[in-house]
Amino acid sequence: MVDDPQRNFRSHYYEKVGFRGVEEKKSLEILLKEETIALNKLQTFVLRFPLPALFRPLVWKVLLGVLPVHKDAHEFVMRQKEEQYQDMKHALVVMRYIHNDSSLPDIFLKMHQMEEGRLLLEEPEEQLPADQNYVTIATRITEMMEDEVFTFFLCEEFHRRLQDPKFKESIPQMIKRLVQYLQTEDQTLYTHMLNTGILGALPCERWFGTCFAHILPEVCVQRIWDKVIAGSYRFLVFVALQLLVTFSRQLLKINNVEGMLQFFNSLPADNVDMLVTKATELWQKQGSP
């Protein structure tokens, strides 16, 4: 994606007449038509521009490594994934871990546990935090995608990214950055949350561990996941920041941790649509990725 004056002129013209993103869409189509998809260029595109919904399933599969960059291998890989999925599902049915009424997120979790050698004879009273996050991600991704087989493998690879030690070790620093940015962006809210103890009790690990899948609507989550799947974990900090700033008026009325947690578990619908857009603008202003 090399900038050039002619392209910039065309983009400016398209935006003026109401066809914003036309040039970007053409660039993405060209990238995806190549026999060998340039992974770095694809990542760069998704980090720089909005990802059209039409291309999201394929782009996610390639970026997460579910499909290889070599397009001539896609058909073979798809057959292998189908066989692997059906074998795993059959094994779980035979062992009576899943049944006809089992939900897809539950089936995915059992497959995930089987892959990790963690299937238990009896269900624990409480799921591990990582398994809770897995179910949350699986629940949301099954709402986004239609193909059951590839939905599972997308869920597996995305969750694996979020369980990477480098990502998990970076979370304390991400939380520290969030606090710093909040102090700069909204001093009043920062002071209120600090004085009430809410600031230190924000469920950031849960937010980052699911990439906000459990609290934001699907259209927002898709756009957040685009950036994360393309390689920007830092983007999550700005989503968290904008989440606080967007609802500062409501948060200023809350004086305890329980009230804060209850509020985030049932976010009001208003202002949510612009949340990711504003987070993206601030993220870009701060130098991306």
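This is a predicted model: local features need pLDDT of at least 70, side-chain atom pairs count only at pLDDT 80 or more; totals for chains, interfaces and linings use all residues.
**Notebook: tryptophans, cysteines and helix H15**

I began with two tryptophans: Trp-60 is buried, and Trp-225 is buried as well (buried is under 20% relative accessible area, exposed over 50%, partly exposed in between, with a 1.4 Å probe and protein chains only). Residues are numbered from 1 along each chain as its sequence is written, and side-chain values use heavy atoms, leaving out hydrogens and water.

**Aromatic pairs**

I looked up the aromatic pairs and found 15 in the structure. The rule takes rings of Phe, Tyr and Trp (its six-membered ring) with centres within 6.5 Å; planes under 30 degrees apart are stacked, over 60 edge-to-face, and the rest tilted. Trp-60 and Trp-225 make a tilted pair, 5.9 Å centre to centre with 40° between the planes. Trp-60 belongs to helix H4 (residues 56-63) and Trp-225 to helix H12, so this pair ties together parts 165 residues apart in sequence. Helices here are DSSP runs (H or I, at least four residues), as strands are (E, at least two), numbered from the N terminus.

Trp-225 also pairs with Phe-158, again tilted, at 4.6 Å between centres and 50° between planes. Phe-158 sits in helix H8 (residues 148-162), 67 residues from Trp-225 in H12. I checked burial too: Phe-158 is at 1% relative accessibility and Trp-225 at 0%.

**Asp-226**

Next along H12 (residues 218-229) I checked Asp-226. Buried or exposed? Asp-226 is buried, at 3% relative accessible area. Its side chain makes a polar contact of 2.8 Å with that of Trp-60. That term means a pair of N or O atoms within 3.5 Å; within protein, one must be able to donate a hydrogen and the other to accept it, and residues adjacent in sequence count only if both atoms are side-chain atoms. Beyond its neighbours within four places in sequence, Asp-226 touches Val-46, Leu-51, Arg-56 and Trp-60 (contact is heavy atoms within 4.5 Å).

**Cysteines**

How many disulfides? I get 0, counting pairs of cysteine sulfur atoms within 2.5 Å. For Cys-204 the closest cysteine sulfur is in Cys-211, 13 Å away and so too far for a bond. Cys-220 also has Cys-211 as its closest, at 14 Å, which is too far for a bond. Cys-204 is buried at 3%, and Cys-220 at 1%.

Cys-211 is in the loop between helix H11 (204-210) and H12, and is buried at 0%. Its phi is positive, about 55°, although it is not a glycine. Phe-212 lies in the loop between H11 and H12; this non-glycine has a positive phi of about 70°.

**Helix H15**

In H15 (residues 257-264) I find Met-260, Phe-263 and Phe-264 buried. Seen down the axis, they fall within an arc of 90°, so they line one face of the helix (the arc is that of the directions from the helix axis to the C-beta atoms). Glu-258 and Gln-262 are exposed on the other side. Cover for the buried residues includes H11, helix H13 (235-246) and helix H14 (248-251). Asn-256 caps the N-terminal end of H15, with a side-chain oxygen 3.4 Å from the backbone nitrogen of Glu-258. Phe-263 and Phe-264 also belong to one aromatic cluster with Trp-207, Phe-208, Phe-212 and Phe-247.
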